[in-house]
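Biologist: Hi! Could you open the model for me and walk me through it?
Modeller: Happy to, here it comes.

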Amino acid sequence: MSGLAGLGPTLRLVVRRERVALAAWSAVLAGMAAMFTRMSVQALTTPEEAQRQSEFISGSPALRMFGPTFGTSVGGYAVARALLTLAVLAALACAFTVVRTTRRDEDDGRAELVGSAAVGRQARLAASLIVVAVFAGLAGALAGLAMAAQGVPLAGALFTGAAIGSVGLTFGGIGALAAQLASTARGANGMAGVALGGAFLAAGAGNMAGDVRAVLVAAWPVWLSPLGWAQQVRAFEDQRAWPLALGIAAFVALAALAWVVAARRDFGLGVLPERRGARVAPRWLAGPFSLVWRVEHTEAVAWLLAMLGCGLAFGSLAAGGLEMEAGAADWYAQVSGTTDVVPAFRTAMVQMAALAAAVHAVVTVLRGRSDEVTGRTEALHAATVTRLRWAAVHGAHAAIGAAAVLAAFGLGLALAGGGAAADRSAAVGTLVGAALAQLPAVLAVAGVGALAAGLLPRWAPVVAWPVLGLCVLLGPTFGAGLGVPDWVRDLSPFSQAPAAPAAPVVAGPLVGLAAVALVLAVAGALAASRRDLRLPA
Amino acid sequence: MDWAIEATGLGKRFGAVSALNGLDLRVRAGEVHGLLGPNGAGKTTTIRVLLGLLRADAGRSRLLGGDPWRDAVALHRRLAYVPGDVHLWPTLTGGEVIDLMGRLRGRTVTARRDELVERFALDPSKHCRTYSKGNRQKVALVAALAADVELYLLDEPSSGLDPLMAGVFVDVVRERRDAGSAVLLSSHVLAEVEALADRLTIVRSGRAVQTGTFDELRHLTRTRVEVRTERPLEDVATWPGVHGVSRDRDAVRFGVDAERLGGVLRQLTDHGVRSLTSAPPTLEEMFFSHYGEVAADAVPAGAR
């Protein structure tokens, strides 16, 4: 096969380049597997304790979103704590490695050098996939052995390792296909990242909405997700091998697809072609506000559709009838402050949507400063755009964007909510309102990002993301299970937002949170307009 | 005298690094002024201070009669800028960037925009992420030079352009000067500054070491002499004003300080001159006489 000519040397080149990075990834995965297992072994010293903790996780929809328990073994508890993290890391390692050794090489011109020699069209792709497959197998086996060394049964540990490896393998395939479709490495990594995010959401939603009988029976979205397949191996319960086969089959299918595409496309270009654009700017593109919209509108629309889709998905779960076991019902009651199941569920969903909207708002606020440190704003400020205006434009985009995604989520939740048409149209008002009631809290969190961007442009992400993380952790969704005092949890703006639709929306906290957001944003903008522009050298 | 730029004693520190140490710069209205210096001399920092992007720690500066920091927006309507390192939004086309910049400034001449796109052979319908370095530079150049303004600030504007396009650039800058605009041209492409600049300022380590017209600066530097004489020039290296003697068979080459040239010529005649060529210093030699290691100690006294 001429497509594989030169595979040997190409393979050695990939191994030579990636061996240190892949060895480091393997060590991190094995180390973390050992650490999580050790923590579990030390925490659960008696069978009663293991049972209590395992049932606590499977009874809490929020906790099982991050990993369900099957059965009551220590190993199973360790899997619930560790599998998602390790699988995500393995997925990132594999996808990034494939993209780096295929598409990135084309971007940087290295592949041109190799391709001009007697090397087949698909040799680089094949070499990259072989290396990643071997890595996924070895890293999974190592992680399994590392778990077993901490004293959990060997068979279960190896099944866990295999589950981690299979997720890595699948995402190696996704990376390979993305590298063929996108026209830049950045674009390919972005596609793989979106796939991973989707897999996380699908598995999380499926587990949340699942039903605990003898063991957790997850809802259907789990089966859309490679991460879900890995969880469904049930490594320390009934050790099912066929979900592993799903991951391997997905890898083979994706690799074959990438292979076909690689044989057809032009060097350096993707399948999704680089289209020509406008020779002249549209009339409305005349200032910083329209510039930000022009640059970000694709992403904004994607966010909007994703939030609408999530709203519809959760709404239809609620419409299908919520049969909750006692533990889950307790959790919803604690989070929302009501024992009425449907409003409690909807409140918990709206509170989670607020977390996503906050991510969107922080991304938007930080984008202004990333344009600054990468040098793109230099020409704008050298024209007539003041720093104050640039900050204000990003604040406005963050507020409008967060409001839009919240409203979309509320709309989806209401439209898929079941019941008669009249009920649904009434629900639209209630649920869109409930979602929008989260906006001031979202903006208060994003305001910290705006202040950081104004004061410390270089360090703003390092400030903004941990602050968001902390606010999320202390907020209603996760804070209830933490066992920290109420006054600490009250520091999170999410804890201050009204628990609607379970509780009525009252003006006091909304005005307070909005004032906090405004003060932070104005302080950030003023700081930005008084300092030097932080430009690349 | 009408000054487009008037800066005295500019100082700027970045932490422990001192970028500007009392830099003086005066650009007349309607002249092309070259700002010449090695990497890290402070050229870009100077321009960014003049644009109000950075705030000077010391000194005074006036730009088109206004304060660069306080009056930034009003001043920026009357000037156009090409950054040294052009970063564009990857998803916008070149044409969109050019039009956006024009609308922000409010003074683009559409006919000139189209003419410049043509002359620089730029395809404005391509997305910025697909442009090469030279093409990104062209986008910034067209965006700036299409504007009808009093002052152009150009930071190493022709880096990345091929020789043909560099020639187009020189033509366009001359046209803007002839139309009455002032141009501050930071560069280390010496031929370009020599071709364009009416006056120039040489900066080193954050201060201006020389400023003036080429003729004025030439007086402060050395003339190259190559001479063949009947009697050997054994002690030529000890003559006052003579530097860097080298011998090639019967020819002797050296540099002479401008103010000592007469005396050296008289002494040469005493040795029976058979052939003599001399050349005024090129910009390149002036540049190296300020920055070159060989001549690092030979900066004329009182050059500041």
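Biologist: Which residue of β6(B) stands opposite B:A80?
Modeller: That would be B:Y152. Before we go on, keep in mind that this is a predicted model.

Biologist: Noted! In which sense do β5(B) and β6 of chain B pair, parallel or antiparallel?
Modeller: They pair in the parallel sense, over 4 bridges. Here β6 of chain B covers residues 151-155.

Biologist: What sheet do those strands sit in, and what is its order?
Modeller: They belong to an open sheet of 6 strands in chain B, and the order is β5-β6-β7-β3-β8-β9, with mixed pairing.

Biologist: Which ones are the edge strands?
Modeller: In chain B those are β5, residues 79-82, and β9, residues 207-212. Each of these two pairs on one side only.

Biologist: And how many degrees does the twist average?
Modeller: The twist averages 15 degrees from one strand to the next.

Biologist: Which strands of chain B does helix α1 lie across?
Modeller: Helix α1 of chain B, residues 43-50, lies across β3 (32-36), β6, β7 (182-187) and β8 (199-204) of that chain. Relative to β6(B), the helix runs at about 145 degrees.

Biologist: Let's zoom out. How many helices and strands are there in chain B?
Modeller: Chain B has 10 helices and 13 strands. Its C-alpha trace spans about 70 × 40 × 35 Å along the principal axes.

Biologist: What does the domain assignment give for chain B?
Modeller: It gives domain 1, residues 3-214, and domain 2, residues 222-280. Taken over C-alpha atoms, the centres of domain 1 and domain 2 of chain B are separated by 42 Å.

Biologist: What percentage of chain B do buried residues make up?
Modeller: Buried residues make up 43% of the 304 residues in chain B. As for contacts in chain B between residues at least 6 apart in sequence, 71% of them join residues at least 24 apart.

Biologist: New topic: how many residues does the contact take from chain A and from chain B?
Modeller: It takes 28 residues from chain A and 30 residues from chain B. On the chain A side, the elements that give two or more residues are α12 (288-319) and α15 (377-382).

Biologist: Which element gives the largest share of that side of chain A?
Modeller: That is α15(A), with 5 residues.

Biologist: And what is that side like by class?
Modeller: The side of chain A that touches chain B has 14 nonpolar, 7 polar and 7 charged residues.

How values were computed. Residues numbered from 1 in each chain as written. Chains lettered and ligands numbered in written order. Predicted model: local features only at pLDDT ≥ 70, side-chain atom pairs only at ≥ 80, totals over all residues. Pairing = 2+ DSSP bridges. Axes fitted to C-alpha atoms, helices over the stretch in contact; angles between N-to-C directions. Contact = placed C-beta atoms within 7 Å. Domains from an automatic or database assignment. Buried ≥ 20, exposed ≤ 12 C-beta atoms within 10 Å, placed from the backbone. Nonpolar A, V, L, I, M, F, W, Y, C, P; charged D, E, K, R; others polar.
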